[in-house]
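Here are some friendly notes to read alongside the model.

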Amino acid sequence: MKFLFEPLTLLTFFPLLGVIVLLFMNSEAKTAIRWVAMVTSLLTFGISLWVLSQFNASNPDLQLVAKYSWINVAGWNIYYYLAVDGLSILLVLLTAFLTPISLLSTWTAVEERVKDFMIFFLLLEVGMMGVFLAQDLFMFYVFWEFTLVPMYFLIGLWGGPRRIYAAVKFFLYTMAGSILMLVAILWLGIYGNTFSVPDLIAKGSIPTGIQWWLFLAFTAAFAIKVPMWPLHSWLPDAHVEAPTAGSVILAGVLLKMGTYGFLRFNIPLFPEATVKAAPWIALFATIGIIYGAAVSYAQKDVKKLVAYSSVSHLGFVMLGMFALNVQGVSGAILQMINHGLSTGALFLLIGMVYEQTHTREIKVYGGLWKVMPIFGTIMLIASLSSMGLPGLNGFVGEFTILLGAFGSKAIGSPWYAGISAIGVIMAAVYILYMFQKMFLGPAGEITQHHQLKDLNWRELLTVTPLLILMFWIGLYPAPFFNLIAPAVEKLISALPL
Amino acid sequence: MHLSETVTSGFFFLAPWLVFAPLTGLLINLIFGKWFKFSEKMVGTVASLASGAAFVVSVLLAYSVSINHGEMVRWRLAEWIHVGTLQLDWTFRMDSLSTTMMLVVSGVGTLIHIYAIGYMHEDVRFKKEEGRFPRFFIFLNLFIAAMMILVSGDSYMMLFVGWEGVGLCSFLLIGFWYEMDTLARPSWANSNAAKKAFITNRVGDFGFLIAGFLMFWYLGSFQFDQVFEAAKSAPPEIIVAITLFMLVGVAGKSAQIPLYIWLPDAMAGPTPVSALIHAATMVTAGVYLVTRSAEIYTLVPQAQYIVAMVGAGTALFAATIAVGQYDIKKVLAYSTISQLGFMVAAVGMGAYVAGMFHLITHAFFKALLFLSAGSVILGMERGHHHLAHAHHESKPAKGKKSSKETHDDSHHDEIFDPGDMRNMGGLRKTMPVTFWLYIIGTLALAGIFPFAGFWSKDEILLDASLHFTSIYWQLTLAAFLTAFYMGRQIWMVFFGEPRHAAAAHAEESPKVMTVPLMVLAALSILGGALNLPFEGFHNLGHWLGYTLAEVESLPLDLKVAGISTVLALAAILTSWLLYGRNPLKAGQIDPLKRPLGFIFTGMENKWFVDEGYFAIIINPFKKLSQFLADVIDWQFWHDFVHDTVILGTYNWLSEIALDHYADQKGIDAFANWLGTATQSVSATLRKIQNGFVRSYALSVMLGVVLILGYLIFK
């Protein structure tokens with residue numbers, strides 16, 4: 001039972017304690033339920049900070065390792081294997097950070113079946129933590145699939161009018177890719193006689209021909225999750241129908257499971273295939289950047305606009321990651337966080353005004369800044385962060401990504417980065433379009449006829465932590481880069497470049 | 001990357017306060033303004049003091065540079081982005097070039113802050129939005145901070161932070177009255193102008209970024225000195241690419257062909273903004289950038305030539321448009337584009353001192369002209385307000401509805417444009433102070449001896465006459481047109497008889513506005529003394545020579561000066577013949593319209609360039625994105641491929657394959673449990689889902705069985 005007292009076990013499974021408490025609560029005691037969930041997620045965040053304090057930033061290897069034999073049948077070695085390194089530490093922190101923020105946003109937005117909602121949400125946190133911490137392929141797969149279940153219900157039970165369709169599509173789309181990954185995992189397990197990722201990496205090269213197939217199988221699962229163009233069709237449905245907190249977590253963390261998967265599994269396990277695939281991934285990423293930005297601009301529903309902007313933003317992350325140089329990969333990891341912050345903030349803010357007006361149609365707004373000055377200002381900052389204004393977080397990520405991709409040996413041509421940089425112009429086009437049509441100009445229908453209230457203290461408290469981080473990362477990203485640098489160096493130095 | 005910081009005496013440790021001072025003012029107004037209910041005077045004073053503090057710091061820094069004999073000094077505040085070989089810091093750079101820019105920005109900036117206290121006091125009242133007063137000063141302080149980052153950064157990327165930061169402030173201030181148009185009617189016009197400025201600048205920034213990427217991978221750094229050093233041994237085609245991509249950035253920020261289109265629309269911002277951002281400081285950032293990069297531009301003469309041609313072309317092209325404008329600020333806007341063309345041409349030719357000299361004098365006289373124009377516009381507003389008041393009192397008995405009816409058909413209550421020169425006339429009598437200030441600004445801009453503009457423009461013309469004949473003639477023609485359109489403006493605004501009752505009742509502006517103008521007027525008269533073309537008087541050249549490798553100190557050339565003076569006087573005379581001798585009457589068409597015909601129509605309509613952009617870029621992009629979103633992404637990819645083909649096939653297969661296994665009751669129960677929304681989903685859709693969930697359940701089962709089976713029986 002020693003594994004129960006490992007720091008990372010505590011971090012991963014702590015929300016389950018909250019779930020157990022919630023199970024015994026009266027479902028009518030909504031406020032108490034909310035508080036229990038909130039305290040649980042805050043304590044989890046506290047634990048993540050404690051883990052951070054135990055984390056040695058100059059060590060490129062896995063740390064706080066909890067490795068125990070789990071299933072040992074017929075000579076198979078499946079481990080209970082949790083560990084953290086520079087590639088995952090920021091995502092772990094992001095997960096623990098965004099969960100209480102999302103819960104705070106549901107305070108008045110979720111009134112029905114509050115208990116079930118909180119249980120699913122905390123279960124989702126367990127799943128996400130597990131995905132980022134598991135170092136055993138089998139264990140990873142279990143967590144990976146597990147996250148689908150609570151998210152399915154969050155969309156399906158608390159979503160918009162077409163929630164069933166969206167939830168099922170989300171579920172099946174992800175499943176379809178995961179099944180291919182499962183086959184690849186089984187192959188690796190048989191081949192290496194272990195499911196432990198570090199052991200598989202240490203064992204060394206898999207024949208290049210087979211690497212390709214395994215790479216593709218993993219890519220199928222991860223590319224859908226990211227989502228990479230053209231596998232993004234589930235995303236607008238899921239985002240539009242999901243409740244605000246669901247969208248925040250979906251954009252903020254769940255999509256990062258895909259990009260993280262590439263980083264943790266594809267690149268170190270299949271180095272030859274990775275280098276060979278880099279120009280292709282870069283091509284799809286570039287198309288995604290331009291396509292996502294163009295399609296975003298034509299949206300009439302503001303949530304859909306932000307959803308498509310994610311296709312563009314995640315394109316940047318993929319482009320940087322497969323630049324396979326230190327700037328590109330570091331930028332990609334930081335941009336995963338940045339996207340979680342800025343898109344998370346946008347979804348939160350949209351949710352706040354939606355709660356009052358019950359519409360997301362852009363053109364019925366207009367002139368919101370006048371009636372909701374604080375809201376308008378915060379929305380402006382989140383928008384600028386999303387379009388990569390220097391001094392805010394988005395720029396630091398996008399700039400390092402594009403810089404890395406421009407001179408990448410693996411991608412082999414500056415054209416991808418050059419064309420992707422046009423995406424930076426297009427981001428200004430769709431973000432400013434959204435901001436103008438909703439916040440500037442004369443008062444629209446909704447703005448005139450609703451007695452709109454500016455943000456209250458709870459709502460301010462929800463977004464302020466995100467704003468602080470936007471400025472922090474934008475002006476002084478050193479602490480963040482320092483956490484990831486050694487692990488990135490190690491990852492890249494192992495590649496046959 | 002870290003060059004050792006030279007330990008020198010002076011006030012260099014104050015450098016971060018260039019940025020922190022205006023930020024402090026911003027934060028005080030932002031945080032305490034509401035709580036302590038700051039009065040307008042208080043807000044304005046805090047903001048002006050913050051900007052003034054930045055000016056004091058600039059003076060101290062310039063002094064420190066001079067006592068160190070022009071030695072460049074760095075001050076590192078913190079690290080910024082350190083990733084591998086990419087090493088960016090927040091490092092301030094103080095040399096004669098950057099301190100010159102600091103002085104101009106904070107000096108002119110502070111004067112405009114003070115002026116704006118008076119201007120905005122009235123502006124917010126005319127627009128009935130008194131609560132918005134503090135916001136203006138918060139944005140203005142933010143602008144000063146961003147501009148200081150731009151001019152004091154020690155690397156191209158820190159410069160870029162300021163570069164985009166000022167773009168943001170420009171967006172915010174152009175869109176300050178975001179719910180109306182320039183005539184205060186509810187409209188999208190102002191916010192469109194703001195958006196247009198930001199996006200056009202982003203196109204320029206794209207060029208800047210690409211130049212930066214090339215710089216990093218071929219020259220290995222973003223830090224100025226390291227870039228300059230590495231450039232000497234780099235392949236010339238790379239340097240050409242870097243400098244030309246940088247030119248795209250310059251064209252965006254400094255409003256050159258083909259990206260100048262945002263600047264005229266930017267006049268939607270309150271007049272102090274037009275003066276500060278869109279005339280004196282931000283738009284000159286491109287000129288500063290080229291001057292700063294002198295060492296790499298000098299390596300590639302062909303790129304320099306292109307820069308000079310773009311500048312000269314812009315100078316001439318914009319001047320022709322200015323001739324055909326009726327809005328007092330639009331004339332000045334095109335004039336600014338044209339003058340920026342002069343500067344860009346100068347730095348393109350390698351005449352960096354001349355370019356910087358013109359940048360400085362232009363900051364004085366164009367700020368003066370804009371602010372005086374603001375005074376004119378407010379004077380007209382006051383006159384109109386006075387009229388409306390009198391009008392209202394004359395018929396107080398009318399009910400609300402009937403007065404609205406008369407509003408619709410009465411000619412007297414039509415929408416009044418206080419900036420339209422066709423409404424003005426005779427203002428020299430009602431606004432004498434503004435009139436004389438305007439005359440000084442005009443003479444300086446027209447390049448009449450001995451005003452500041454004469455010296456700086458002449459230096460550019462002289463340099464061009466020595467090296468590039470075609471550029472010389474383009475600029476000379478542009479200078480002729482400059483004197484002409486300014487003459488036209490003077491006659492139309494201040495002479496003749498009022499063409500609108502508002503002009504007859506116009507009132508002079510208060511001292512808080514006119515006093516800063518007098519300071520600017522004094523600078524416009526005396527500014528030429530900075531760099532007189534006589535032996536021993538090339539002060540600016542000497543000062544910038546500390547930073548710039550080559551500095552030409554040309555003596556006065558009487559031929560060039562003579563030609564330009566004669567042409568300027570001739571242009572003013574021509575404008576008098578057309579607009580002064582027989583002043584325009586109300587409703588009369590422009591006297592140039594008949595003789596020039598379609599040429600004048602072109603000038604009036606800005607040569608239809610905006611329409612061209614709409615036809616070639618904007619509308620196609622809108623259509624393309626609509627097509628991608630609706631047809632490709634939704635109808636084809638989302639509905640057809642996913643819902644019809646994939647879902648349909650899957651469903652059809654599962655109907656056949658799974659009918660025997662599925663428990664219809666269990667599935668229905670599951671679907672019902674999912675919530676009430678099931679009812680709203682069509683029966684067909686439900687059927688599809690049932691098939692789906694069923695098959696999903698089966699595939700999960702299958703997976704689990706497979707794994708367990710394998711594990712157990714292996």
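Which residues does B:Leu368 touch, not counting residues up to four places away in sequence? Point 3 has the reply.

1. **Ground rules.** This is a predicted model, in which local features need pLDDT of at least 70 and side-chain atom pairs count only at pLDDT 80 or more, while totals for chains, interfaces and linings use all residues. Residues are numbered from 1 along each chain as its sequence is written, and chains are lettered from A and ligands numbered from 1 in the order in which they are written.

2. **Confidence.** The model scores ipTM 0.93 and pTM 0.91. For chain B the mean pLDDT (the predictor's confidence in each residue, from 0 to 100) is 86, and 87% of the residues reach 70 or more. Please treat two stretches of chain B with care. Residues 1-6 stay under 50 in pLDDT, and the model gives them nine contacts beyond four places in sequence; two residues are in contact if their C-beta atoms, placed from the backbone, lie within 7 Å. Residues 396-412 of chain B are also below 50, with two contacts in the model beyond near neighbours in sequence.

3. **The core, and the opening question.** B:Leu368 touches B:Leu437, B:Ile440, B:Gly441, B:Leu517, B:Leu520, B:Ala521 and B:Ser524, leaving out residues up to four places away in sequence. B:Leu368 is also among the residues with the most contacts inside the largest nonpolar core, which has 450 residues; others in that group include A:Phe322, A:Leu349 and B:Met148. A nonpolar core here is a set of buried Ala, Val, Leu, Ile, Met, Phe, Trp, Tyr and Cys residues joined through C-beta atoms within 7 Å. Helix α15 (residues 352-394) of chain B gives the largest share of this core, 20 residues.

4. **Make-up of chain B.** Chain B has 30 helices and two strands; helices (H or I, at least four residues) and strands (E, at least two) are DSSP runs, numbered from the N terminus. Of its 714 residues, 54% count as buried. A residue is buried if 20 or more other C-beta atoms lie within 10 Å of its own, exposed if 12 or fewer, and partly exposed in between, with C-beta atoms placed from the backbone. Among contacts in chain B with a separation of 6 or more, 81% join residues 24 or more positions apart.

5. **Helix α24 of chain B.** This helix spans residues 558-580, and its buried residues include B:Val560, B:Ala561, B:Ser564, B:Leu567 and B:Ala568. The buried residues of α24(B) pack against α18 (432-446), α19 (452-467) and α20 (469-494) of chain B.

6. Strands β1 (residues 73-83) and β2 (residues 86-94) of chain B pair in the antiparallel sense over nine bridges; two strands pair if DSSP finds at least two bridges between them. B:Trp75 has B:Phe92 in β2(B) as its bridge partner. Two residues separate the strands of this hairpin, and B:Gly84 in the turn has a positive phi of about 55°.

7. **Backbone details worth a look.** The peptide bond from A:Val226 to A:Pro227 is cis, with omega near -15°, and a cis bond also joins B:Ile257 and B:Pro258, with omega about 5°. A:Leu324 has a positive phi near 55° without being a glycine; it is buried, because 25 other C-beta atoms lie within 10 Å. B:His69, in the loop between α2 (40-67) and β1 of chain B, also has a positive phi of about 55°, but B:His69 is exposed, with 8 other C-beta atoms within 10 Å.

8. **B:Lys127.** Leaving aside neighbours within four places in sequence, B:Lys127 is in contact with B:Trp177 and B:Ala184.
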